[in-house]
Amino acid sequence: MKKILELVGMALLIVGGAGVLRELTDGWFSIFGFTRFLTDHIGFLQGRELFAHIVLAVLGFAMLMIADRSSKA
């Protein structure tokens, strides 16, 4: 279970961080275009791309902290 949490948490942290970087640079890093899939295909996230990516990054960080905490118990 710990490894699954770590894997999903790291993926969310990377995707969220890449999305934040892409939004802050106005799409200058086109290699991070896969992060746009989420915000382009979900209607209520259009116009809130930066917020959505910040939430993904924070969620990934939280999952990593939960995985770390579960290993100490």
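**View 1. Helix α3 and the nonpolar surface patch.** Helix α3 (residues 49-72) is the largest contributor to the nonpolar patch, giving three residues; helices here are DSSP runs of H or I with at least four residues, numbered from the N terminus. The model is predicted, so local features need pLDDT of at least 70 and side-chain atom pairs count only at pLDDT 80 or more, whereas totals for chains, interfaces and linings use all residues. Residues are numbered from 1 along each chain as its sequence is written, and side-chain values use heavy atoms, with hydrogens and water left out. The patch is formed on the surface by Leu-24, Leu-50, Ile-54 and Val-58, which together have about 360 Å² of accessible area. Accessible areas come from the Shrake-Rupley method with a 1.4 Å probe, and for residues only the protein chains shown count as cover. Patches are made of residues with over 30% relative accessible area and no salt bridge, with nonpolar side chains (Val, Leu, Ile, Met, Phe, Trp, Tyr) joined within 5 Å and like charges within 9 Å. Val-58 has its place in helix α3 and counts as exposed because its relative accessibility is 53%, given that exposed means over 50% relative accessible area, buried under 20%, and partly exposed in between (1.4 Å probe, protein chains only).

View 2. Glu-49 lies in helix α3 and, with a relative accessibility of 16%, counts as buried. A polar atom of the Glu-49 side chain lies 3.2 Å from the backbone nitrogen of Gly-47. When residues up to four places away in sequence are not counted, Glu-49 touches Glu-23, Arg-36 and Thr-39, where contact means heavy atoms within 4.5 Å. His-53 is also found in helix α3, and its relative accessibility of 0% is why His-53 counts as buried. Leaving aside neighbours within four places in sequence, His-53 is in contact with Val-15, Gly-16, Gly-19, Val-20, Glu-23, Thr-35 and Thr-39.

View 3. Side chains of opposite charge can pair when their charged atoms come close. In the bridge between Lys-2 and Glu-6, the closest N and O atoms are 3.4 Å apart; because these residues are four apart in helix α1 (residues 2-24), about one helical turn separates Lys-2 from Glu-6. The side chains of Lys-3 and Glu-6 meet in a salt bridge of 3.7 Å, N to O, and both residues lie in helix α1, three residues apart, or about one turn of the helix. Lys-2 counts as partly exposed at 35% relative accessibility, as does Glu-6 at 25%, while Lys-3 is exposed, with a relative accessible area of 63%.

View 4. Gly-9 is found in helix α1 and is buried, with a relative accessible area of 0%. Although Gly-9 and Gly-60 are 51 residues apart in sequence, the two are 4.0 Å apart in space, C-alpha to C-alpha. With residues up to four places away in sequence not counted, Gly-9 touches Gly-60, Met-63 and Leu-64.

Terms used. Salt bridge = Lys/Arg side-chain N within 4 Å of Asp/Glu carboxyl O. Helix = DSSP H or I, 4+ residues; strand = E, 2+ residues; numbered from the N terminus. Polar contact = N/O pair within 3.5 Å; in protein donor to acceptor, adjacent residues only side chain to side chain.
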